[in-house]
Amino acid sequence: MRLDLLGWTSGIEALIATAMLTTTSGAQPSTLFKRFEGDEARVRGVVSKIEAQHGSVLEHNRLDWLLEASECEVLDLLLRWRYFNVSRLGGDRWLLSANLRTVVEYIGEVEDNLSKMLMESIMLVAPTLHDCIRRQQV
Amino acid sequence: MRVEMLSNTSSEALRAALPDIEVSDSELLRHMSFTFAVESISRVCSHQLVRHRVASFSQQSQRYIPIRRLRERVVVPPTVDGEAEDGYFSTVEAASESYEALVASGVSREDARFVLPNATETSLLLTIDGASLLHFFGLRCCYRAQWEIRELADRMLWAVRRCEPSLFKGAGPYCYQLGHCPEGRFSCDRMQEVAEKYSKETRG
């Protein structure tokens, strides 16, 4: 199995921080997002406080991968994790996508090669979240 | 009401990453997502919105965020004017006074909010995949949809057309997407007018 990250929602951690504060701060989400954009320290400060039971704030994004895997491997993944989205591109090549909530939940429950590759994707698109997972906070 | 698209996955970037592979628009839409800031809509509208359960929402919480100056924080339907407006606002004032009195007497905000009207404004972050967004437009841009969520759907449509004009060129109510009205005997019989409105690339 091979996984290549093709694309993702821009400003993922700024969106996570925006979602976290939209529910509790009273500020408008567009105002929050503009405050967070380009202010990595501020974003890191908020995202590092993320808690496991509030996984919905991880849903405001999508990651897209090129997956090389057999039919059986893809079927096994979909039967166990219905929130992954898959399109066959031909042969053993698939377009795979999911949001970070799905990815984080998979990593938390499964220890396999796919889990390691997904973790590498998180390190690239959401480094603060990656640190939280490594500290087993999420 | 204020609607802004904050972020999305780009079809151009995805297609560029798959140069040798043909992916149809409808297939690609399933793998794309769009995030909007939806602000100052009524709780009536947000109740309808969250019925699109495939989307993700982070909404302002009335447990944590106190409601102040309720009179300035309500949505007023356009049909409420003249004498009706007086009655409308007297009810809002009464709800506001009850809410503040309850909070002042020690009732928690999560319980005091039970007296707040459906007109109370709320704001939220909404994320939805491209295919579900197309379905949302099909239902909610329809002239039979309630006016506030129709206005919201229109604003979201114009926002996505700015960033993905090709993918959402055919987006709009189902009569515009399909070329026929699926509402049967409830049809508004205004397909021509609808087609003219949604064939414009951006809001005119």
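I note at the outset that two strands pair if DSSP finds at least two bridges between them. Helices (H or I, at least four residues) and strands (E, at least two) are taken as DSSP runs, numbered from the N terminus.

I record that this is a predicted model, in which local features need pLDDT of at least 70, side-chain atom pairs count only at pLDDT 80 or more, and totals for chains, interfaces and linings use all residues. Residues are numbered from 1 along each chain as its sequence is written, and chains are lettered from A and ligands numbered from 1 in the order in which they are written.

I checked confidence, given per residue by the predictor as pLDDT, from 0 to 100. Chain B has a mean pLDDT of 95, with 98% of its residues at 70 or more. The model scores ipTM 0.95 and pTM 0.95.

I then looked up the sheet. Four strands of chain B form an open sheet in the order β1-β2-β4-β3, with antiparallel pairing. Because β1 (2-8) and β3 (56-59) of chain B stand at the edges with a single partner strand each, one side of each has no neighbour in the sheet. Within chain B, β3 is joined by four bridges to the antiparallel β4 (residues 121-129). I found B:Thr127 of β4(B) to be the bridge partner of B:Ser56.
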